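Here is a short briefing on one model. Please keep the sequence and the structure open while reading.

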Amino acid sequence: MSMKKVFYMLLMITLSACADQEGEWYDTPFVRISTETGEASTVVLSDVKNVNTYNVYLSSTPQTEVVTVDFEILAGDGLQSGVDYEVVTEGTTLSFLPGIYAMPVRIRWMEHRVDPSKDNTLTIRLTGNSRGYCLGYPGPDQKQRQLLIEKRNN
């Protein structure tokens with residue numbers, strides 16, 4: 001066998017072995033929510049004036065029908081809608097069309113100092129879906145079933 005063929009054979013074996021180990025694989029379909037960097041919690045400073053995107057991800061085999069995912073937004077007693085934040089995403093249901101595996105929940109953060117003695121958190125929690133898929137990663141901890149955002153003074 002030529003050296004060139006041996007090289008290509010070894011290259012193919014190496015690449016296929018690496019591909020098998022990338023990421024985590026689950027047999028159970030699920031939906032989860034996180035920041036754009038994959039975190040389950042984050043901090044927003046009180047001088048921020050922008051729209052942040054928090055993504056809901058569908059992890060399943062390819063779908064032929066729309067999968068809907070329901071969520072709720074819970075504000076601590078230190079945050080006020082229209083003063084500290086505004087939910088830009090309309091409604092509380094996201095529709096994953098076939099071939100779509102990420103949908104955004106957008107929050108506009110407004111410049112406003114918070115009272116540090118109060119609960120200045122906003123929680124986006126997945127509450128259900130049309131296919132009965134797991135909420136959060138499979139397992140008893142249901143990691144990333146919800147996203148916790150804390151607003152802090154800078």
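Is Arg-131 buried, partly exposed or exposed? Arg-131 is partly exposed, with a relative accessible area of 39%. On this scale, buried means under 20% relative accessible area, exposed means over 50%, and partly exposed lies in between (1.4 Å probe, protein chains only).

The model is predicted: local features need pLDDT of at least 70, side-chain atom pairs count only at pLDDT 80 or more, and totals for chains, interfaces and linings use all residues. Residues are numbered from 1 along each chain as its sequence is written, and side-chain values use heavy atoms, with hydrogens and water left out.

**Arg-131 and its surroundings**

- Arg-131 sits in the loop between strand E8 (121-129) and E9. Strands (E, at least two residues) and helices (H or I, at least four) are DSSP runs, numbered from the N terminus.
- Leaving out residues up to four places away in sequence, Arg-131 touches Gln-63 and Val-67. Contact means heavy atoms within 4.5 Å.
- Arg-131 and Val-66 are 65 residues apart along the chain, and their C-alpha atoms are separated by 9.5 Å.

**Strand E8 and its partners**

- Seven of the nine residues of E8 are buried, so the strand is largely enclosed by the rest of the structure.
- E8 runs antiparallel to strand E4 (residues 67-75), joined by seven bridges. Two strands pair if DSSP finds at least two bridges between them.
- E8 also pairs with strand E10 (residues 146-152), antiparallel, over five bridges.
- Arg-125 in E8 is the bridge partner of Glu-72. Arg-125 also stands opposite Gln-146 in E10.

**Thr-121**

- Thr-121 belongs to strand E8. Thr-121 is buried, at 17% relative accessible area.
- A polar contact of 2.6 Å links the side chains of Thr-121 and Asp-119.
- Beyond four places in sequence, the contacts of Thr-121 include Leu-74, Leu-79 and Ile-149.

**The five-stranded sheet**

- Five strands form an open sheet with mixed pairing, in the order E5-E7-E3-E1-E9. Strands E5 (85-87) and E9 (134-135) stand at the edges, each with a single partner strand, so one side of each has no neighbour in the sheet.
- E9 runs parallel to strand E1 (residues 30-34), with two bridges joining them. Phe-30 stands opposite Cys-134 in E9.

How values were computed: A polar contact is a pair of N or O atoms within 3.5 Å; within protein, one must be able to donate a hydrogen and the other to accept it, and residues adjacent in sequence count only if both atoms are side-chain atoms.
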